[in-house]
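Subject: Handover of a structure and findings

Dear colleague,

I am passing on to you the structure below, together with an account of what was found in it. Please keep it open while you read.

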Amino acid sequence: MFTVYILQNQVGKLYTGQTKNFETRLIEHNVTDHGYTAKHRPWKVVLVEKYQNRTEAMKREKYLKT
């Protein structure tokens with residue numbers, strides 16, 4: 001299963017992504033000291049959707065980003 005997710009920080013910025021292991025990825029967004037999400041944390045979950053394969057998840061992620 002693949003997960004498409006939207007995160008939001010305290011000032012309302014949104015981050016959309018997709019991953020195979022959502023729980024680990026959420027921790028990385030809130031702990032890792034590099035990349036976009038490191039500068040804007042903490043992040044809270046707004047939306048989580050599950051998909052059978054990466055192709056479906058990537059299509060949904062792209063749709064949400066547009």
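The term pLDDT stands for the predictor's confidence in each residue, on a scale from 0 to 100. The model is a predicted one, and the protein averages a pLDDT of 95. A score of at least 70 is reached by 100% of the residues. Among the elements, α2 has the lowest mean pLDDT, 88, while the highest, 98, belongs to helix α3, residues 54–65.

Helix α1

Helix α1 spans residues 22–31, and Phe22, Leu26 and His29 are buried in it. These three residues lie on the same side of α1, because they cover an arc of only 60 degrees around the axis. The face turned away from that buried side carries Glu23, Ile27 and Val31, which are exposed. Several elements take part in covering the buried residues of α1, including β1 (2–9), β2 (14–19), α2 (36–39) and β3 (43–51).

The nonpolar core

The largest nonpolar core consists of five residues, namely Tyr5, Leu7, Phe22, Leu26 and Trp43. Two or more of its residues come from each of β1 and α1.

Aromatic rings

A search of the whole structure finds five aromatic pairs. In one of them, the ring centres of Tyr36 and Trp43 are 6.3 Å apart and the planes stand at 40 degrees, so the pair is tilted. Ring pairs link Tyr5, Tyr15, Phe22, Tyr36 and Trp43 into a cluster.

Thr37 has its place in helix α2 and is buried, with a relative accessible area of 8%. Leaving out residues up to four places away in sequence, Thr37 touches Tyr15, His29 and Trp43.

The loop between α2 and β3 contains Pro42. A cis peptide bond joins this proline to Arg41, with omega at about 10 degrees. That deserves a note, because most peptide bonds are trans. Arg41 also takes part in a salt bridge, in which its side chain meets that of Asp33 at 2.7 Å, N to O. Arg41 is partly exposed, at 29% relative accessibility, while Asp33 is exposed, at 65%.

Strand β3

Lys44 is found in strand β3 and counts as exposed, at 60% relative accessibility. Apart from its neighbours within four places in sequence, Lys44 is in contact with Ile6, Leu7 and Gln8. Between Lys44 and Thr16 there are 28 residues of separation in sequence and 12 Å in space, C-alpha to C-alpha.

Helix α3

Four salt bridges are found in a search of the whole structure. Besides those described above, one joins the side chains of Lys65 and Glu61, at 3.1 Å from N to O. Both residues lie in helix α3, four residues apart, or about one turn of the helix. Lys65 is exposed, at 53% relative accessibility, but Glu61 is buried, at 13%.

Yours sincerely

Key: Residues are numbered from 1 along each chain as its sequence is written. This is a predicted model: local features need pLDDT of at least 70, side-chain atom pairs count only at pLDDT 80 or more; totals for chains, interfaces and linings use all residues. Side-chain values use heavy atoms; hydrogens and water are left out. Buried means under 20% relative accessible area, exposed over 50%, partly exposed in between (1.4 Å probe, protein chains only). The arc is that of the directions from the helix axis to the C-beta atoms. Contact means heavy atoms within 4.5 Å. A nonpolar core is a set of buried Ala, Val, Leu, Ile, Met, Phe, Trp, Tyr and Cys residues joined through side-chain atoms within 4.5 Å. Rings of Phe, Tyr and Trp (its six-membered ring) pair if their centres lie within 6.5 Å; planes under 30 degrees apart count as stacked, over 60 as edge-to-face and the rest as tilted.
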